[in-house]
Amino acid sequence: MSFHDRRQETRPTSGEAPFGLNEVFFSRTDDRGIIRAYNYVFHRVAHYEAKDLLAKPHNIIRHPDMPRGVFHLFWDTLKSGRFMGAYVKNKAKDGLHYWVFAVVAHTSDGYLSARIKPSSSLFTTVMSEYDALLEAEKKEKLSPEESATRLLERLKALGFDDYHSFAAYALAEELTARDAGLSAFPDPKITEFRTKLDHADELVKETEGLVQEFEAMRTIPHNLRVIASRIEPAGGPVTVLSQNYGTMSRDMSDWFATHVLGENSNFAAIKGTVNNSMFVECMARIMIECDTQLQKEKRDIEGINMQQERKILGDLVKDQRKSARDGLANVNFEADRILTACNVMHRHFLGLSSTRVLCKIESARLPTEGEALTAIIDQLGIFQARISSQLERIAHLSTAIQASDH
């Protein structure tokens, strides 16, 4: 297809290339980045003839304003077998530029990238960050790897755990802003995923608070032992009670810290999986729009089998939807583990409460140290009440994370 075959389109002489908020385009490359297929919107926006795109390196559209660190991170992520999403500024053949939010998925022999026009407030922040990163690359002569590290540090400063949590958040933001810009209803799946992430954030705060309570409780068994050393021989009832209390509270604290807050913990699995599922579900939505765009275009491009491209898109959507479903099933599994942990903690607390009652009885028999012992026992009661309340909130959040599953 030549430019003469296209609908008449007025392009400015400088600035942005025409690319509508309602449009979506894709391109497919082999594993070396050589273009194998694309749709008409890409053809039109990039303003190249077919002979200048097919079998050519995809970086033909790379804009010099893009920091090299972004592409270093881009390819490192893809080569590790993961999905990728990024803001990218491209350059059309006539010198105009166009910004996209690109999502990239693996195909059997390479990659497929689908793009939408970014319009969220986050996009403004990203443009500013890219400008600063590009300036740093030039002034400090940063290597692509050093630039990528600098970008990751900036994302941490902006509140993101890693690049993938940023990409998932950014994609959801862009689709939400796009829906608002097109006067479409908000995507309920994005709302659901965001709710799950909010619950996951609350879950870690509550759990951190719980572990802090356990840490504070560790001084109490020590104080009990000090009193016991003054009022009874070694191995007496208060000594035994303090040892039991100390062991039980320490075991509970360590178990929760390891299984809920640790690197391979329930919480880490929940938040990471929800982010990944949100990203692939949003990516599937864009791929579906690509297919819809192909049906609307009804245009053949020489050298491209559009029916084959639609099949590739369809297969990717099926894979992504399955991945999202599997991820949510894993979230439910991990949330259930936390619920189980809360139940175990409650049962342990029954044992601690029994221990506290025995201490109370023992303090009533002591004429001199009974008052000090009673004060410590009351302090234990306050700690236990707070911990029980946190366990209930953790259980509630874990249930809420499960509740909205399809």
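Q: Why is Ile361 called partly exposed in this predicted model?
A: Ile361 has a relative accessible area of 49%. Buried means under 20% and exposed means over 50%, so a value in between is called partly exposed. Ile361 is placed in helix H10 (residues 306–364).

Q: What makes a nonpolar surface patch with Ile361?
A: Val357, Leu358 and Ile361 make this patch of about 270 Å². Patch residues need over 30% relative accessible area, and Ile361 has 49%.

Q: Which parts does the pair of Phe25 and Phe42 tie together?
A: Phe25 lies in strand S1 and Phe42 in helix H1 (residues 40–46), so the pair ties together parts that are 17 residues apart in sequence. Both Phe25 and Phe42 are buried.

Q: How do you know that Arg115 sits over the ring of Phe42?
A: Arg115 lies over the face of Phe42, at 4.9 Å from the ring centre.

Q: Why are strands S1 and S2 said to pair?
A: Strand S1 (residues 25–30) and strand S2 (residues 35–38) have three bridges in the antiparallel sense. Pairing needs at least two bridges, so three are enough. In one of the bridges, Arg28 has Ala37 in S2 as its partner.

Technical notes:
Residues are numbered from 1 along each chain as its sequence is written. This is a predicted model: local features need pLDDT of at least 70, side-chain atom pairs count only at pLDDT 80 or more; totals for chains, interfaces and linings use all residues. Side-chain values use heavy atoms; hydrogens and water are left out. Patches are made of residues with over 30% relative accessible area and no salt bridge: like charges are joined within 9 Å, nonpolar side chains (Val, Leu, Ile, Met, Phe, Trp, Tyr) within 5 Å. Accessible areas come from the Shrake-Rupley method with a 1.4 Å probe; for residues, only the protein chains shown count as cover. A salt bridge is a side-chain nitrogen of Lys or Arg within 4 Å of a carboxyl oxygen of Asp or Glu. Helices (H or I, at least four residues) and strands (E, at least two) are DSSP runs, numbered from the N terminus. Buried means under 20% relative accessible area, exposed over 50%, partly exposed in between (1.4 Å probe, protein chains only). A charge sits over a ring if NZ of Lys or CZ of Arg is within 6 Å of the ring centre and within 35 degrees of the ring normal.
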